[in-house]
Every structure is written in C-alpha cells, then in structure tokens.
Amino acid sequence: MGDDLREKSFEENLEELEGILEELENSQLPLSDLVKKYERAKLCLAECRKRLDEAELSIKKLNPDGSKEDF
C-alpha cells in the first residue's frame, strides 16, 4: 500500500495528502472508509516528512558549518 508513495515525487505525495485531508473534512463517508483514508494520509505524511528530512540532511552536508548562505 505504501510502496507506491516512494515512486511519487514529494509534490505528488503532498497533493494526495491535501486531497485526502479535504475529503476527511468535508466527507459523509462511512467510518470504515474514513479510517482507510486516515491511514493513507498518515503514510503520505510520513513519506513527505522523510523526504524533507533527507533534503535537510543534504543541505547540511553542502554547508557543514551550519552557517546560512545567501543565494
């Protein structure tokens, strides 16, 4: 179920997460469907956080002293 999230870009996962959250907020779905959507949202969120952590680590490797550089 979550393996396909790794194949998607960060932006695609974020878009799916936003769509699910909108559905959850405005939904009249049965409880079982809401639970499935919630579980999927958790997976999307976890993948987005993982990608952000990886990006932060990459940036820190490029600038190991922690100083901020203006571009």
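This report walks through the helices, contacts and charged side chains of one predicted protein model.

Residues are numbered from 1 along each chain as its sequence is written, and side-chain values use heavy atoms, with hydrogens and water left out. Because the model is predicted, local features need pLDDT of at least 70 and side-chain atom pairs count only at pLDDT 80 or more, while totals for chains, interfaces and linings use all residues.

## Overall build

The protein has three helices and zero strands. Read from the N terminus, the order is α-α-α. Helices (H or I, at least four residues) and strands (E, at least two) are DSSP runs, numbered from the N terminus.

The protein exposes about 6,000 Å², and carbon and sulfur atoms supply 54% of that area. Accessible areas come from the Shrake-Rupley method with a 1.4 Å probe; for residues, only the protein chains shown count as cover. Of the 71 residues, 17% are buried. Buried means under 20% relative accessible area, exposed means over 50%, and partly exposed lies in between (1.4 Å probe, protein chains only).

Now take contacts, meaning heavy atoms within 4.5 Å. Among those between residues at least 6 apart in sequence, 69% join residues at least 24 apart.

Is Asn-13 buried or exposed? Asn-13 is buried, because its relative accessible area is 0%. This residue sits in helix H2. Leaving aside neighbours within four places in sequence, Asn-13 contacts Leu-5, Lys-8, Cys-44, Glu-47, Cys-48 and Arg-51.

Leu-24 also belongs to helix H2. Its relative accessibility is 25%, so Leu-24 counts as partly exposed. Not counting residues up to four places away in sequence, Leu-24 touches Leu-34, Lys-37 and Tyr-38. Leu-24 and Lys-37 are 13 residues apart in sequence, yet 7.5 Å apart in space, C-alpha to C-alpha.

## Salt bridges

How many salt bridges does the structure hold? The structure holds seven. A salt bridge is a side-chain nitrogen of Lys or Arg within 4 Å of a carboxyl oxygen of Asp or Glu. The table lists some of them.

| Pair | N to O distance |
|---|---|
| Glu-16 and Arg-40 | 2.6 Å |
| Glu-23 and Lys-37 | 3.0 Å |
| Lys-50 and Glu-54 | 4.0 Å |

Start with the salt bridge between Glu-16 and Arg-40. Glu-16 lies in helix H2 and Arg-40 in helix H3 (residues 31-62), so the pair ties together parts that are 24 residues apart in sequence. Arg-40 is buried, at 12% relative accessible area.

Next come Glu-23 and Lys-37, joined by a salt bridge. This pair links distant parts of the chain: Glu-23 is in helix H2, Lys-37 is in helix H3, and they are 14 residues apart. Glu-23 is partly exposed, with a relative accessible area of 34%. Lys-37 is partly exposed too, at 23%.

Lys-50 and Glu-54 both lie in helix H3, four residues apart, which is about one turn of the helix. Lys-50 is partly exposed at 37% relative accessible area. Glu-54 is partly exposed at 41%. Salt bridges that share partners also join Asp-4, Lys-8, Glu-16 and Arg-40 into one network.

## A charged patch

Which residues form a negative surface patch? Glu-11, Glu-12, Glu-15 and Glu-18 do. Patches are made of residues with over 30% relative accessible area and no salt bridge, and like charges are joined within 9 Å. Asp and Glu count as negative. The place of a Glu charge is taken as CD. Glu-11 lies in helix H2 (residues 10-25). Its relative accessibility is 54%, so Glu-11 counts as exposed.

How values were computed: Patches are made of residues with over 30% relative accessible area and no salt bridge: like charges are joined within 9 Å, nonpolar side chains (Val, Leu, Ile, Met, Phe, Trp, Tyr) within 5 Å.
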